[in-house]
Amino acid sequence: MQPTPINKELPVQCSGFANLADALDYAAQGITGFNFYDHRGELESVLSYRDLRSEAMVLARRLMGLGLKRGDRVGIVAETDPMFQRFFFACQYAGLIPFALPAGIQLGAHSAYVGQIRRMLESCEAAIAVAPGTHLNFLEEAAAELELVMVGSPEDFDALPAPHTEFEPMGAKDPAYLQYTSGSTRFPRGVEINQETVLENLRAIAEDGLKLGREDRFVSWLPYYHDMGMIGFILVPMPAVSRLPAFQDFRHAAKAVAEADLGQQGHCFFKPDLWLRPVRKTPAPVGL
């Protein structure tokens with residue numbers, strides 16, 4: 001397995017996109033993408049933008065084949081896994097609204113986690129929900145009485161037929177996704193983020209803040225259900241390959257950063273260890 005190459009040809013483009021699907025269409029013209037590392041710094045999986053676009057389109061047709069309505073909500077348990085990107089962008093092509101469900105489960109907190117997931121699915125009237133095998137039992141328990149159209153693993157959805165249908169991506173004023181608050185002080189509340197808003201936010205971070213170039217790269221171990229995990233390390237890098245200094249907050253991740261040759265790779269994601277604790281604090285990079 002080899003990591004995605006550095007972007008040397010595709011120009012950085014931070015604006016001019018109609019929606020997130022349009023941004024992925026552009027990124028897929030390049031050769032870079034996502035590289036996933038485990039906590040030992042070993043390359044675990046690779047997902048190029050080109051492959052992501054292709055797989056998301058097929059999955060979008062599978063989701064549309066379920067008879068979902070435009071704007072239906074799709075819950076995705078946000079484990080650090082390529083499945084999240086696949087389902088998130090499948091929703092973009094299909095005109096559905098994805099939202100990230102937390103993946104962190106503390107020891108002895110089974111009931112609390114299932115209850116949180118259930119309330120989030122119920123509050124936004126989710127139509128379908130997906131989780132990797134590690135979290136599927138929790139999700140099925142949470143959705144047991146909610147009458148969703150479908151709840152399953154990525155493999156379950158990949159087994160569905162993919163009828164040929166026309167894609168219906170959202171317009172500028174339509175929702176791009178739902179972002180839930182952390183819930184640290186009260187129950188998580190969902191906020192609709194429209195396409196126009198998220199694209200302008202991405203442009204401001206990439207162009208005005210970070211001033212991204214073709215040879216920049218990103219590294220992160222923030223969870224996808226964290227707003228900066230979503231915005232800063234899935235969406236911002238799409239038009240380019242970007243690099244940020246390692247935060248050095250976590251012992252395993254710092255070791256992995258040191259061992260990974262970031263000069264030869266694109267975006268890097270480290271699977272978070274649910275029981276890691278900060279070693280020391282360092283300021284976030286300027287621009288975030």
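## Packing of α3 and α8

In this predicted model, helix α3 (residues 82-94) packs against helix α8 (residues 227-235) at an angle of about 90°, and their axes are 13 Å apart. Axes here are lines fitted to C-alpha atoms, for helices over the stretch in contact, with angles running from 0 to 180 degrees between N-to-C directions. The angle makes α3 roughly perpendicular to α8 (65 to 115 degrees; under 35 is roughly parallel, over 145 roughly antiparallel, the rest oblique).

From α3, Phe-84, Gln-85, Phe-88 and Phe-89 meet Met-230, Ile-234 and Leu-235 of α8, where contact means heavy atoms within 4.5 Å. By class, this contact has 6 nonpolar residues, 1 polar residue and no charged residues. Ala, Val, Leu, Ile, Met, Phe, Trp, Tyr, Cys and Pro count as nonpolar, Asp, Glu, Lys and Arg as charged, and the others, Gly among them, as polar.

## Nonpolar cores

The largest nonpolar core has 60 residues, of which Leu-20, Phe-84, Phe-89, Val-198 and Leu-235 touch the most other members. Such a core is a set of buried Ala, Val, Leu, Ile, Met, Phe, Trp, Tyr and Cys residues joined through side-chain atoms within 4.5 Å; buried means under 20% relative accessible area, exposed over 50%, partly exposed in between (1.4 Å probe, protein chains only). Helix α3 supplies the largest share of this core, 9 residues. Another core, of 23 residues, lies apart from it and includes Ile-105, Ile-117, Leu-121 and Ala-126.

Leaving aside neighbours within four places in sequence, Val-198 contacts Leu-20, Ala-176, Tyr-177, Ile-193, Ile-231 and Leu-235.

## Helix α1

Of the 8 residues in α1 (residues 20-27), 6 are buried: Leu-20, Ala-21, Ala-23, Leu-24, Tyr-26 and Ala-27. These buried residues pack against α2 (49-64), α3, β7 (175-180), α7 (195-209) and α8.

Strand β1 (residues 33-37) is mostly covered, with 5 of its 5 residues buried. It runs antiparallel to strand β2 (residues 43-48), and 5 bridges join the two; strands pair if DSSP finds at least two bridges between them. Asn-35 has Val-46 in β2 as its bridge partner. The hairpin has 5 residues between the strands, and Gly-41 takes a positive phi near 85°.

## Whole chain and basis

The chain contains 9 helices and 10 strands, taken as DSSP runs numbered from the N terminus (helices H or I, at least four residues; strands E, at least two). Of its 288 residues, 53% count as buried.

Residues are numbered from 1 along each chain as its sequence is written, and side-chain values use heavy atoms, leaving out hydrogens and water. Local features need pLDDT of at least 70 and side-chain atom pairs count only at pLDDT 80 or more, while totals for chains, interfaces and linings use all residues.
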